[in-house]
Amino acid sequence: MRAEIQSAVAQIEKSLDLIRQRLGWETAEHRLEELNARSEDPELWNDPEKAQKVMRERQTLADAIDACKALMQELDDNRALIEMGEAEGDAEVVAEAEQALLDLRERAAQKEIEALLDGEADGNDTFLEINAGAGGTESCDWAAMLARMYVRWAEKHGYKVELISENPGEEAGIKSATYKIIGPNAYGWLKSESGVHRLVRISPYDSAARRHTSFSSVWVYPVVDDSIEIEIKPNEIRIDTYRSSGAGGQHVNTTDSAVRITHLPTGIVVTSSEKSQHQNRANAMAALKSRLYELEMRKRTQAIQEQHDAKGEIGWGNQIRSYVLQPYQMVKDLRTGVETSDTQGVLDGDLDRFMAAALAMEVSGKSRAEAQAED
């Protein structure tokens, strides 16, 4: 077996060791049996919220066990194919199995990162908030492009997406929008997307076809469980009802039912503009609770606090990722150095490479390439 393939096998085995360790491999299937038994208990469904948590935990564990077993089986199968191909002098079989192992190395590395999503709220659903920066129509259009990108990403991963509120731009796009992304590890994956995103392109709104630079911000915070106590004093909030702006449509309510809640001590503002004022109040309070919880989480370490304080103005100096469509095609993450010329793929939701690199850096302090170079 060639040295490159031996190295790939070693990296796959290292990833599998970490995945099994995180799963508690010796007891994982026993825990799954217990969860299966609980899910079949009719009395569990007397408490729908508790039942949903049990079913989610069960599905997450089952998926993780199945994925780990599939990786292990694929590793064994391709090693056996290489041994057989070398013994029979079949170079084509060897080449195919070697390529399969190189591909498996990347998938195992990604599953390893998923196994590291064990932060306090990583497994939770998440709110995703997008705000256009200065620049009028250009920035509003860019904010709408980002919204489409994240909805596409979520749908590709089987997540459910709910639009909580939307403030349309005056001519095109959106000034702001808030989504709820529902699914396992939604917050864990998306949390690294918080920051300013910069777009460079020939403007479709400029009759002179000049190049424009636009900025929009993305802010991600977890949906917190009711078991987590976040005290919100009545005298610390202001609740306003208002009529949503815009021409109406599927996602824009034009009655006076929209709700805005302002948390006076922090200045945090959350909104909800669906059809029911009662539901809007509940949605907004849930979002405020999540924002306050996320703020507290960010205060726990100085590094994360500095990142929070540096959110600042939506503009130069604060961006985390640059999307250049003209004069060349390139999307580059300014934190990890990950880049691609497949700009259309990224805007269609192909974001996993950026998220995986950011998660790896968060865990180890190094990019994946730096970590592998040290092995």
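Analyst: W189 is a place to start: this residue is in helix α6, residues 186-190. The model is a predicted one.

User: Is W189 buried or exposed?

Analyst: The relative accessibility of W189 is 5%. Buried means under 20% relative accessible area. W189 therefore counts as buried.

User: How far apart in space are W189 and D122, C-alpha to C-alpha?

Analyst: In sequence, W189 and D122 are 67 residues apart. In space, their C-alpha atoms are separated by 7.6 Å.

User: Which residue has a positive phi although it is not a glycine, and what is the value?

Analyst: Most residues other than glycine have a negative phi. The residue in question is in the loop between β3 and α6, and at 18% relative accessibility it counts as buried. It is N185, with a phi of about 60°.

User: Where is P327, and what is the omega of the peptide bond from Q326 to P327?

Analyst: P327 is in the loop between β9 (319-324) and β10 (330-333). Most peptide bonds are trans. The bond from Q326 to P327 is cis, its omega being near 10°.

User: How many aromatic pairs are found in the whole structure, and what is the angle between the planes of F127 and Y221?

Analyst: The search of the whole structure gives 3 aromatic pairs. In one of them, F127 and Y221 have ring centres 5.4 Å apart. The pair is tilted, and the angle between the planes is 35°.

User: Which strands does the pair of F127 and Y221 link?

Analyst: The two residues are 94 residues apart, so the pair links distant parts of the chain. Both F127 and Y221 are buried. F127 is in strand β1 (residues 126-132) and Y221 in strand β5 (residues 211-222).

User: Why is the pair of W153 and Y159 tilted?

Analyst: The ring centres of W153 and Y159 are 5.6 Å apart. Planes under 30 degrees apart count as stacked and over 60 as edge-to-face. The planes of W153 and Y159 are at 55°, so this pair is tilted.

User: Are W153 and Y159 buried or exposed?

Analyst: W153 has a relative accessibility of 0%, and Y159 has a relative accessible area of 10%. The cut-off for buried is under 20%. W153 is therefore buried, and Y159 is likewise buried.

User: Which residue lies over the face of Y221, and which has its charged end over the ring of F354?

Analyst: Over the face of Y221, at 4.9 Å from the ring centre, lies R291. For F354, the charged end is 4.7 Å from the ring centre and belongs to R321.

User: How many salt bridges are found in the whole structure, and which helices are linked by the one between E29 and K69?

Analyst: The whole structure has 22 salt bridges. E29 and K69 meet in one of them, with an N to O distance of 2.4 Å. E29 is partly exposed at 38% relative accessibility, and K69 is partly exposed at 38%. The residues are 40 apart in the chain, E29 in helix α2 (residues 25-39) and K69 in helix α3 (residues 48-88).

User: How far apart in sequence are the parts tied together by R56 and D125?

Analyst: The side chains of R56 and D125 form a salt bridge of 3.0 Å, N to O. R56 is partly exposed at 31%, whereas D125 is buried at 11%. R56 lies in helix α3 and D125 in the loop between α4 (91-115) and β1, so the parts tied together are 69 residues apart in sequence.

User: Which residues are in a network of salt bridges?

Analyst: R335 forms a salt bridge with D333, the closest N and O atoms being 2.7 Å apart. R335 is partly exposed at 30% relative accessibility, while D333 is buried at 0%. The network links E193, R321, D333 and R335.

User: What is the volume of the largest pocket, and which element gives the most to its lining?

Analyst: The largest pocket has a volume of about 1,900 Å³. Of its 48 lining residues, the closest to the centre are R56, T60, G123, P184 and N185. By class, the lining has 19 nonpolar, 11 polar and 18 charged residues. The element that gives the most, with 12 residues, is α3.

Technical notes: Residues are numbered from 1 along each chain as its sequence is written. This is a predicted model: local features need pLDDT of at least 70, side-chain atom pairs count only at pLDDT 80 or more; totals for chains, interfaces and linings use all residues. Side-chain values use heavy atoms; hydrogens and water are left out. Rings of Phe, Tyr and Trp (its six-membered ring) pair if their centres lie within 6.5 Å; planes under 30 degrees apart count as stacked, over 60 as edge-to-face and the rest as tilted. Helices (H or I, at least four residues) and strands (E, at least two) are DSSP runs, numbered from the N terminus. Buried means under 20% relative accessible area, exposed over 50%, partly exposed in between (1.4 Å probe, protein chains only). A charge sits over a ring if NZ of Lys or CZ of Arg is within 6 Å of the ring centre and within 35 degrees of the ring normal. A salt bridge is a side-chain nitrogen of Lys or Arg within 4 Å of a carboxyl oxygen of Asp or Glu. On a 1 Å grid over the protein atoms alone, a cavity is a set of points where a 1.4 Å probe fits but cannot get out, and a pocket is an open set with protein on both sides within 12 Å along at least five of seven lines; lining residues have an atom within 4 Å of a point. Grid points are joined across faces, edges and corners, and a volume is the space filled by probe spheres set on the points. Ala, Val, Leu, Ile, Met, Phe, Trp, Tyr, Cys and Pro count as nonpolar, Asp, Glu, Lys and Arg as charged, and the others, Gly among them, as polar.
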